[in-house]
Amino acid sequence: MNDYKASKEAFVSGMTGSTVFHVNLISGVALSSIALHSALRSRVQAFGSAYFLAEFVILVIPLLLSMTLFAEAPGALSLLLLVPMFVLLLLPPLERGTPLPAENRDELASPGGRSRAETPPMHLSQSLIPLPALTTYRAHMMLMTILSILAVDFPVFPRILAKCETYGVSLMDIGVGSFVFSQGVVSAIPIIKDISYLQAPILPKLKSVSRKMIPIIVLGILRVVLVKGTEYPEHVTEYGVHWNFFLTLALLPAIEVLLHPIILRIPVALLGLWIGVLHQFALSSGGMKDVLLNASRSNIIFANKEGLLSLLGYVSIHILGLSLGTIILPPSPSFFRKQQQQSLDGLSSHRPSKLDPSAPRQNAKIVTELLSYSVVWWMLLAFVRLGLEVSRRMANISYILWVAAYNTSFILGYIFLDMVFFPTRTLKIRDPTDPSGKRLLIEEKGPKISAPALLEAINKNAFILFLLSNVATGLINLNIQTMFVGNMKAMCLLCAYSMGMCVFAWLCRRKRLWKM
């Protein structure tokens, strides 16, 4: 057992990774699968009663293939998905699309479209219109994570996609940062709904956040106990001897709360970037890099040096995700900036805000801003990499910029696909109930958009699925010597595992099992 443990640890250690372009090509398969799925929904009466199986084949199997059998040729796999998509585009679109059964399908408006007043009433319910592209992005990110944490234990998963030892880029490296970035995006929801949340006393907010995060900390501690107790193979240089990703994930919301007074006053993206630069300064000029790479694990602090020293880098990623959330979730990319200005001017305490978070979303403006941010992040990454290679282990500035550029670009891709396949038009009309004729209604015309049903199910209980996949991965590794399994048997096991995860998500799709 000890010999196999040592061999297994060597099997996942010492990796130098692949290239950014290769990782983008593999991830691009997810966009290709969504393009095919959207073409089917918008052009033909597809799926019928077999929609679960159809979505599993179209949306899940390609992701598994992209990181295993097609890992060396992900572009060919994307082409196989895009060819039938282009053929389907020759068909005329259905009048209103064919939305699949899923949650959150409630009608938002009259049969002609969705309407919101340009100047909302004083007691308007502060709600946000769902963004299907965000659901799709988060679910696909979770699927890639769930699949790769088991696939990496088999030889069918190329070593260049496994986590790099110190420097380098790989699929699993971007997965960790994307998980944190995604959490940051959705953490923008409460501050968009009510900007005064940023001004609320910090202590009550910390207590509220702690109640939600304590179970995750307990899970992190439980994982340490189980790994040590079962002598499960572990990669110490990932986070340290006792630290793990659960502990990092649990601390980030509390740190965000501490930053609320600053978030209220300066551009959120600038704050995230400043934190990343500060972290890099500590690594390069403060001696932290030398500690991380060379210090012996002589005490509990040094034993977990990777987890502790990379924490500030993950805070930067979380805040950059929060920044993107303030762009894509409200009706317009300037909405949150206007909220900040009103709050600083003291307007919110004297009269009701004219900003309505439930107004129709201005997708064209959002796409333009996302494109601008994508270009900036990729250009900064290219510049910084001239002298500093990417390191997930340190969560250095190159890694931070890579995560921001990657996730911004792919969220942009999902939103753009929705705009192409399910176009809408925004019109301004006079409110017939207003005698003065000055009140305007903003009406959105077009098919109602929704994320694929299976992806909505996965997103609804994403964290539970993440926990379940970790448990399943552990049980499989304790019972099978995965590093000696042939490719065909490995693919059968991975297909069964992915089917099991998706079936669980599907059966629980009507109820959120854990509210975070």
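Modeller: Please keep in mind that this is a predicted model. The protein has 22 helices and three strands, and buried residues make up 55% of its 516 residues.

Colleague: Why is Ser 78 called buried?

Modeller: The word buried is kept for residues under 20% relative accessible area. Ser 78 has a relative accessibility of 10%, and therefore it counts as buried. Its place is in helix H4, which covers residues 74-88, and, leaving aside residues up to four places away in sequence, Ser 78 touches Leu 25, Gly 28, Val 29 and Ser 32.

Colleague: What makes Ala 395 count as buried?

Modeller: The same cut-off of under 20% applies, and because Ala 395 has 0% relative accessibility, it counts as buried. Ala 395 is found in the loop between helix H18 (363-384) and helix H19 (397-421). Its phi is near 55°, which is a positive value in a residue other than glycine.

Colleague: Which residues lie nearest the centre of the largest cavity, and which element gives the most to its lining?

Modeller: The lining of the largest cavity has 14 residues, and those nearest its centre are Ile 34, Ser 38, Thr 136, Asp 418 and Pro 452. Two or more lining residues come from each of helix H2 (20-43), helix H5 (132-151) and H19, while H2 gives the most, with four residues. By class, the lining of the largest cavity divides into eight nonpolar, four polar and two charged residues.

Colleague: What is the volume of the second largest cavity, and how many charged residues are in its lining?

Modeller: The second largest cavity has a volume of about 50 Å³. Its lining includes Phe 181, Leu 320, Tyr 373, Trp 377 and Thr 408, and the elements that give two or more residues to this lining are helix H16 (311-328), H18 and H19. The largest share of the lining, four residues, comes from H16. There are nine nonpolar and two polar residues in this lining, and no charged residues.

Colleague: What makes Phe 181 stand out in the largest nonpolar core?

Modeller: The largest nonpolar core has 139 residues, and Phe 181, Ile 328 and Ile 458 are the ones that touch the most other members. H19 supplies the largest share of this core, 16 residues. Not counting residues up to four places away in sequence, the residues that Phe 181 touches include Tyr 137, Ile 317, Leu 324, Val 403 and Ile 411. Phe 181 is also one of the residues that line the second largest cavity.

Note on methods. Residues are numbered from 1 along each chain as its sequence is written. This is a predicted model: local features need pLDDT of at least 70, side-chain atom pairs count only at pLDDT 80 or more; totals for chains, interfaces and linings use all residues. Side-chain values use heavy atoms; hydrogens and water are left out. Buried means under 20% relative accessible area, exposed over 50%, partly exposed in between (1.4 Å probe, protein chains only). Contact means heavy atoms within 4.5 Å. On a 1 Å grid over the protein atoms alone, a cavity is a set of points where a 1.4 Å probe fits but cannot get out, and a pocket is an open set with protein on both sides within 12 Å along at least five of seven lines; lining residues have an atom within 4 Å of a point. Ala, Val, Leu, Ile, Met, Phe, Trp, Tyr, Cys and Pro count as nonpolar, Asp, Glu, Lys and Arg as charged, and the others, Gly among them, as polar. Grid points are joined across faces, edges and corners, and a volume is the space filled by probe spheres set on the points. A nonpolar core is a set of buried Ala, Val, Leu, Ile, Met, Phe, Trp, Tyr and Cys residues joined through side-chain atoms within 4.5 Å.
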